[in-house]
Amino acid sequence: MIDVEIAAILHRAIGLEPSTIGPGIAQRTIEAHMKRLGLPTAEAYRACLRSSPEELQELIESLVVQETWFFRDPDAFVTLAALVISRRRNDNVRILSVPCSTGEEPYSIAMALADTGVPLSRVAIDAVDVSARALKRAEAAMYPPNSFRGSNLGYRERYFRPVPGGFRLDDATRAAVRFHQGALPRLPLEVAQRRYDAIFCKNLFIYCDEPSRKAIVTALTCVLADKGTLFVAAAEAPLISGGDWRAIEPIAASAFQRGERRKASGEISAPPSLAKMTPPARPAMRAATPAARPRVAPQPPPPARPPSVRPPSLADARRLADVGRLREAEEICQAHLKANGDLADAHFLLGLIRDAQGDADCAVESYKRTLYLDPEHVEALMHLASVMSKRGERASAERLLARARRAEAERRSR
Ligand SMILES: C[S@@+](CC[C@H](N)C(=O)[O-])C[C@H]1O[C@@H](n2cnc3c(N)ncnc32)[C@H](O)[C@@H]1O
């Protein structure tokens, strides 16, 4: 059990709720720091954290979760590109990515916009994180293979060159992003003075308690331009929806705008030119799906039908689903279940497909079947929470999210 005063110090500094990072992890990390400093008691370590900002930063650096990768949640980048090109041709665009971790997110934003034909000279991206170590890696823009996940890595060919140990981003894309150190809810001065057309604040709220989340949302609201869009992770959408914020569905369920007039149906109008566009394929079929090129750019050819010599696999189904061929993807899932019996991943994929087809009842059934087979299936918990939240069942969504956080923490501590 982590010392309550140390927990309070961390909470004040970065809004972290230590229990969200896994049972025992925070405590073991604290003990390792006490040992390194030769401090035998929690009291001595508390005093050290209070008097030394450097030691507090050391502790923060070893507690924060920096997991990220390029084009994580492809939907968000598709939606952003659609929003940006719906503006006037010569408007400049200012975007904030916070927390940006090691830079994959803000650089993905730059690549997504460049792919859509928006000149990077029109784009200014600020990126903020509390971790000085993460920011150093972000500025170096040299990435190991693990930062590139999924199978659609065309962007790596276009924007990176191979170097020993990984890939280096080109200078023009690097130049579109400026990095700043800061701990939300406080924003660095330079950032606090600007207004952003879009803010990406993804995979942070899950580590915060309600008061911290509220403080962060308030800080971000102050720097979000009128009609600006706030992007959160799909799992965090239930934490944001309600109040002043409306998801800009049917475009994206985890992109929010404020102060819009609600239509009678309860939905928000998309910007006029956006409404005419093909909505992006949604939802992203898995956290680690290939980064789809924005729909507004020419589409890559759809995957060839799987060769007849082997039965189509779930990976084939996922690829088809990613390019919107939902019916075929569904058929493969059903055949897979028939041939191989009940498999959690096949039911989960079916759930995503049904969600994307707008059949929420069947999606819920598939997610529940997934959880019956694998009660700790984090993605199924998150997607089910998202459906529940859209139905207005907030308590049930919150419970599912709490379960997802525990399952994720458990997975990481193994
Ligand atoms: C899981 S990463 C998310 C990165 C990226 N947004 C994504 O979704 O892939 C979480 C990041 O939050 C940063 N962080 C945690 N608390 C923070 C705070 N209060 N202010 C700024 N950054 C914070 C951590 O240093 C870490 O790099």
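Is Asp 73 buried or exposed? At 18% relative accessibility, Asp 73 counts as buried, where buried means under 20% relative accessible area, exposed over 50%, and partly exposed in between, with a 1.4 Å probe and protein chains only.

Before going on, the conventions. This is a predicted model, in which local features need pLDDT of at least 70 and side-chain atom pairs count only at pLDDT 80 or more, while totals for chains, interfaces and linings use all residues. Residues are numbered from 1 along each chain as its sequence is written, and side-chain values use heavy atoms, with hydrogens and water left out.

Back to Asp 73. Its phi is near 55°, a positive value in a residue other than glycine. Asp 73 sits in the loop between H4 and helix H5 (74–85); helices (H or I, at least four residues) and strands (E, at least two) are DSSP runs, numbered from the N terminus. Ala 141 also has a positive phi, of about 55°, and is not a glycine. Ala 141 is in the loop between H7 and S3, and it is buried, with a relative accessible area of 0%.

Next, cis peptides. One joins Val 98 and Pro 99, with omega about 0°. Pro 99 belongs to the loop between strand S1 (93–97) and helix H6 (104–115). Another cis bond runs from Leu 184 to Pro 185, with omega near 10°. Pro 185 is placed in the loop between strand S6 (177–181) and H10.

A nitrogen atom of the ligand is 2.8 Å from a polar backbone atom of Pro 99. A ligand nitrogen is also 2.9 Å from a polar backbone atom of Lys 202. On the side-chain side, an oxygen atom of the ligand lies 2.6 Å from an N or O atom of Asp 129.

Now charges. How many salt bridges are there? The count comes to 17, taking a side-chain nitrogen of Lys or Arg within 4 Å of a carboxyl oxygen of Asp or Glu.

Glu 58 and Arg 133 form one of them, at 3.0 Å from N to O. Glu 58 is in helix H4 (residues 53–63) and Arg 133 in helix H7 (residues 132–140), so this pair ties together parts that are 75 residues apart in sequence. Glu 58 is partly exposed at 29%, and Arg 133 is partly exposed at 44%.

Arg 194 and Asp 126 make another, with the closest N and O atoms 2.9 Å apart. Arg 194 is in the loop between helix H10 (189–192) and strand S7 (196–200), Asp 126 is in strand S2 (residues 123–129), and the two are 68 residues apart. Both residues of this pair are buried.

Arg 213 and Glu 210 meet at 3.3 Å, N to O. They are 3 residues apart in helix H11 (residues 210–223), about one helical turn. Arg 213 is buried at 9%, whereas Glu 210 is partly exposed at 40%. Separately, salt bridges that share partners join Arg 94, Asp 126, Arg 178, Glu 190 and Arg 194 into one network.

On to aromatics. The structure holds 14 aromatic pairs, meaning rings of Phe, Tyr and Trp (its six-membered ring) with centres within 6.5 Å; planes under 30 degrees apart are stacked, over 60 edge-to-face, and the rest tilted. Phe 148 and Phe 160 have ring centres 5.0 Å apart and planes at 85°, so the pair is edge-to-face. Both are buried. Arg 156 lies over the face of Phe 148, 5.1 Å from the ring centre; the rule is NZ of Lys or CZ of Arg within 6 Å of the centre and within 35 degrees of the ring normal.

Last, the sheet. An open sheet of 3 strands has the order S3-S5-S4 with antiparallel pairing, where pairing takes at least two DSSP bridges between two strands. Its edge strands are S3 (142–143) and S4 (160–163), each pairing on one side only. S4 is joined by 4 bridges to S5 (residues 166–169), and Arg 161 has Arg 168 in S5 as its bridge partner.

How values were computed:
Polar contact = N/O pair within 3.5 Å; in protein donor to acceptor, adjacent residues only side chain to side chain.
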